[in-house]
Amino acid sequence: MKNNDTFAPVVLFAYMRPDHLRRTVESLAANPEAISTALTIYCDAAKLPEHRQRVDQVRAYVETIEGFLSVRRIYQESNLGLSRSIISGVTETLLENERVIVLEDDLVLSPHFLRYMNDGLNCYRDDHMVCSIHGYWFPVDRNMPETFFLKGADCWGWATWARSWATFQHDGRMLLKELLDRQLSFDFDYEGTYPHTRMLKSQIQGKNDSWAIRWHASCYLKGMLTLYPGRSLVNNVGHDGTGTHCDTDSAFASTVASLPISVERISIEPTLEASAVLIDYFRRIQKSIWFKARRYANKWLRGRFL
């Protein structure tokens, strides 16, 4: 039987960054809804012998976590990698729950994060064109609507329902074929400003192991939408050289919102203003990074969906 408790459960994926994980957990615990929220932490096993000490430090910290309705700790016995960890963990959770909030161990959250995520999940629960709720928004220089929709899905502090996750297509080749057959690559890439298609090709070729690009493409091809906040409730602090998939930079750093986001029903269609703002932002980021140093030209664009 599905669990329909008031607050959606949170699943958090960790590997070998104890300090980052502590920041994530502390910011999550600062949400007033945390005490009523069930938390599950998936801890991956060490991939290399030199990772074991930090993996052990993560697990030692995880044993101390409290302040939630419940804390479930899952310690993998062999290394799954981020992609398999998230796909299997989200799938497992949604076998027992109607919905889930998904975090990784490098996200610092606003104290209003859980309220927004649960309000969004409740508001659009029965709207099958809405695939997910997202907590991060880019540091653009425009005032945005309180909430808005964009095509596809995203990956930095997100939530979904079992009915949406059922659309996830594991096979990147099938996704790429449909994109090309329907001549959607240019739109999928935000008018060529963000290399989603190239990242999907890299996943197929084994050059990255991205679950997120397949999640995004799966929802995009179904015509599904994600709700975004006009002010970011998430800051990714993992781009400091400590992560497995990300380098050092601050191009996507956001200041988390100090005021709550009001979730009220809006028209379920892509918000053209937000798409235009994002396309302009990506163009400016590409130019800025290119002129600073050639080697940074695509680094951030790769890092977000790895």
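**Close-up 1. Y190, a buried residue in a predicted model.** Let us start with a single side chain: Y190 has a relative accessibility of 12%, so this residue counts as buried, the cut-off being under 20%. Y190 belongs to the loop that links α7 (185–188) with α8 (196–204). Its phi is near 50°, which is positive although the residue is not a glycine. For background, most residues other than glycine have a negative phi.

**Close-up 2. E191, in the loop between α7 and α8.** Here too phi is positive in a residue other than glycine, with a value near 55° for E191. The relative accessible area of E191 is 38%, so E191 is partly exposed.

**Close-up 3. An open sheet of eight strands.** At the edges sit β3 (70–75) and β7 (147–151), each of which pairs on one side only. On average, neighbouring strands in this sheet are turned by 25° against each other, ignoring direction.

**Close-up 4. The parallel pair β1 and β4.** Four bridges join β1 (residues 10–14) to β4 (residues 99–104). To find one of them, look for V11, whose bridge partner in β4 is V102. Helix α3 (residues 81–96) packs on the sheet and touches β1, β2 (38–43), β3, β4 and β8 (158–161). The direction of α3 makes about 155° with that of β4.

Note on methods
Residues are numbered from 1 along each chain as its sequence is written. This is a predicted model: local features need pLDDT of at least 70, side-chain atom pairs count only at pLDDT 80 or more; totals for chains, interfaces and linings use all residues. Side-chain values use heavy atoms; hydrogens and water are left out. Helices (H or I, at least four residues) and strands (E, at least two) are DSSP runs, numbered from the N terminus. Buried means under 20% relative accessible area, exposed over 50%, partly exposed in between (1.4 Å probe, protein chains only). Two strands pair if DSSP finds at least two bridges between them. Axes are lines fitted to C-alpha atoms, for helices over the stretch in contact, and angles run from 0 to 180 degrees between N-to-C directions. Contact means heavy atoms within 4.5 Å.
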